[in-house]
There are 2 protein chains.
Amino acid sequence: MYIVHVHVHVKGEYVEEFIRTTIENARSSLYEPGVARFDVLQSQDDPTHFILVEVYRTIEDSAKHKETTHYQQWREKVAVMMAEPRSSMKYRNIFPDENGW
Amino acid sequence: MYIVHVHVHVKGEYVEEFIRTTIENARSSLYEPGVARFDVLQSQDDPTHFILVEVYRTIEDSAKHKETTHYQQWREKVAVMMAEPRSSMKYRNIFPDENGW
């Protein structure tokens, strides 16, 4: 799997709106055949810090995701909400194997 | 869900041994009723950097995990492999909801 952790810091006044918008995007992303999981996590220590845990079957699937309408709409909507630029960390799965997602 | 991301930096010579030992621990952890997922990820940029993605149903379940034999054996075995102390980040799930894990 090609796993991306997108770290997002949101301006305080946008937390609720970011959550609504991002749940919509996550739900739509699960319909992409190359997306195995699309989890949205909120930090317990800092509620303005989120991680999008995006689990793609291949690196090509992560590129296809960026071509979807739901991603592009999400990106536009959240632009004003960012407290700082997003950062992405790339991982591969050690456990479980390819069948465990 | 009570979600813990444990960041681990391993000494280069221990990468393979760490993977073997940590897969064992992850597999055993899935038998705990309070553990919904226990993923082990390796950084694509730095193969000595791992994240353990531990998804517990409650905070109490994360405490119970630390009482298990498999956790305690893992902790002992990996002690010599650490390049620096582990750090833990705590999250809650925004999406999916409690049934999606």
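**Reading strand pairing and a two-chain contact**

Me: S1(B) and strand S4 (residues 87–95) of chain B pair in the antiparallel sense, over six bridges. In S4(B), which residue is the bridge partner of B:Ile3?

Reply: First, note that this is a predicted model. The bridge partner of B:Ile3 in S4(B) is B:Tyr91. S1(B) has another pairing as well: S1 (residues 2–9) and S3 (residues 49–56) of chain B pair in the antiparallel sense over eight bridges. Within that pairing, B:Val8 stands opposite B:Phe50 of S3(B).

Me: How should I think about side chains along a strand?

Reply: In a regular strand, side chains alternate between the two faces of the sheet.

Me: Which pattern does chain A follow along the sequence?

Reply: Chain A reads β-α-β-β-α-α-β. Its secondary structure comes to three helices and four strands.

Me: How do I judge the overall form of chain A?

Reply: Start from the radius of gyration. A compact globule of 101 residues would have a value near 13 Å, and chain A has 13 Å, so the two agree. Along its principal axes, the C-alpha trace of chain A spans about 40 × 30 × 20 Å. Sequence separation gives another reading: of the contacts in chain A with a separation of 6 or more, 75% are between residues 24 or more positions apart.

Me: How many residues of chain A are in contact with chain B?

Reply: The size of an interface is often given as the accessible area lost when the parts come together. Here the description is by contacts: 20 residues of chain A are in contact with 20 residues of chain B. On the side of chain A that touches chain B, the elements giving two or more residues are helix H1 (15–29), strand S2 (35–43) and strand S4 (87–95) of chain A. S4(A) gives the most, with seven residues. By class, that side of chain A has 12 nonpolar, four polar and four charged residues.

Me: How many bridges join S4(A) to S2 of chain B?

Reply: Four bridges join S4(A) to strand S2 (residues 35–43) of chain B, and these strands run antiparallel. Within S2(B), B:Leu41 is the bridge partner of A:Asn93.

Me: Is A:Tyr91 buried or exposed?

Reply: The cut-off for a buried residue is 20 or more other C-beta atoms within 10 Å. A:Tyr91 has 23 such atoms, so it is buried. A:Tyr91 is in strand S4 of chain A. Leaving aside neighbours within four places in sequence, the contacts of A:Tyr91 include A:Ile3 and A:His5 in its own chain, and B:Leu41, B:Gln42 and B:Ile51 across in chain B. The C-alpha atoms of A:Tyr91 and A:Met1 are separated by 8.2 Å, although these residues are 90 residues apart along the chain.

Me: Why does A:Ile51 count as buried?

Reply: A:Ile51 counts as buried because it has 22 C-beta neighbours inside 10 Å. A:Ile51 is placed in strand S3 (residues 49–56) of chain A. Not counting residues up to four places away in sequence, A:Ile51 touches A:His5, A:Val6, A:His7, A:Leu41 and B:Tyr91. For chain A overall, buried residues make up 27% of the 101 residues.

Me: Which residues of the largest nonpolar core touch the most other members?

Reply: Of the 38 residues in that core, these are A:Leu41, A:Phe50, B:Leu41 and B:Phe50. Take B:Leu41: not counting residues up to four places away in sequence, B:Leu41 touches several residues of chain A, among them A:Ile3, A:Tyr91 and A:Asn93, as well as B:Phe50, B:Ile51 and B:Val53.

Me: What should I look for in the peptide bonds?

Reply: Most residues other than glycine have a negative phi, and most peptide bonds are trans. In chain A, the bond from A:Phe95 to A:Pro96 is cis, with omega near -5 degrees. A:Pro96 lies in the segment after S4 of chain A. In chain B, the bond from B:Phe95 to B:Pro96 is cis, also with omega near -5 degrees. B:Pro96 is in the segment after S4 of chain B.

Technical notes:
Residues are numbered from 1 along each chain as its sequence is written. Chains are lettered from A and ligands numbered from 1 in the order in which they are written. This is a predicted model: local features need pLDDT of at least 70, side-chain atom pairs count only at pLDDT 80 or more; totals for chains, interfaces and linings use all residues. Two strands pair if DSSP finds at least two bridges between them. Two residues are in contact if their C-beta atoms, placed from the backbone, lie within 7 Å. Ala, Val, Leu, Ile, Met, Phe, Trp, Tyr, Cys and Pro count as nonpolar, Asp, Glu, Lys and Arg as charged, and the others, Gly among them, as polar. The radius of gyration is taken over C-alpha atoms; the globule rule is 2.2 Å times the number of residues to the power 0.38. A residue is buried if 20 or more other C-beta atoms lie within 10 Å of its own, exposed if 12 or fewer, and partly exposed in between; C-beta atoms are placed from the backbone. A nonpolar core is a set of buried Ala, Val, Leu, Ile, Met, Phe, Trp, Tyr and Cys residues joined through C-beta atoms within 7 Å.
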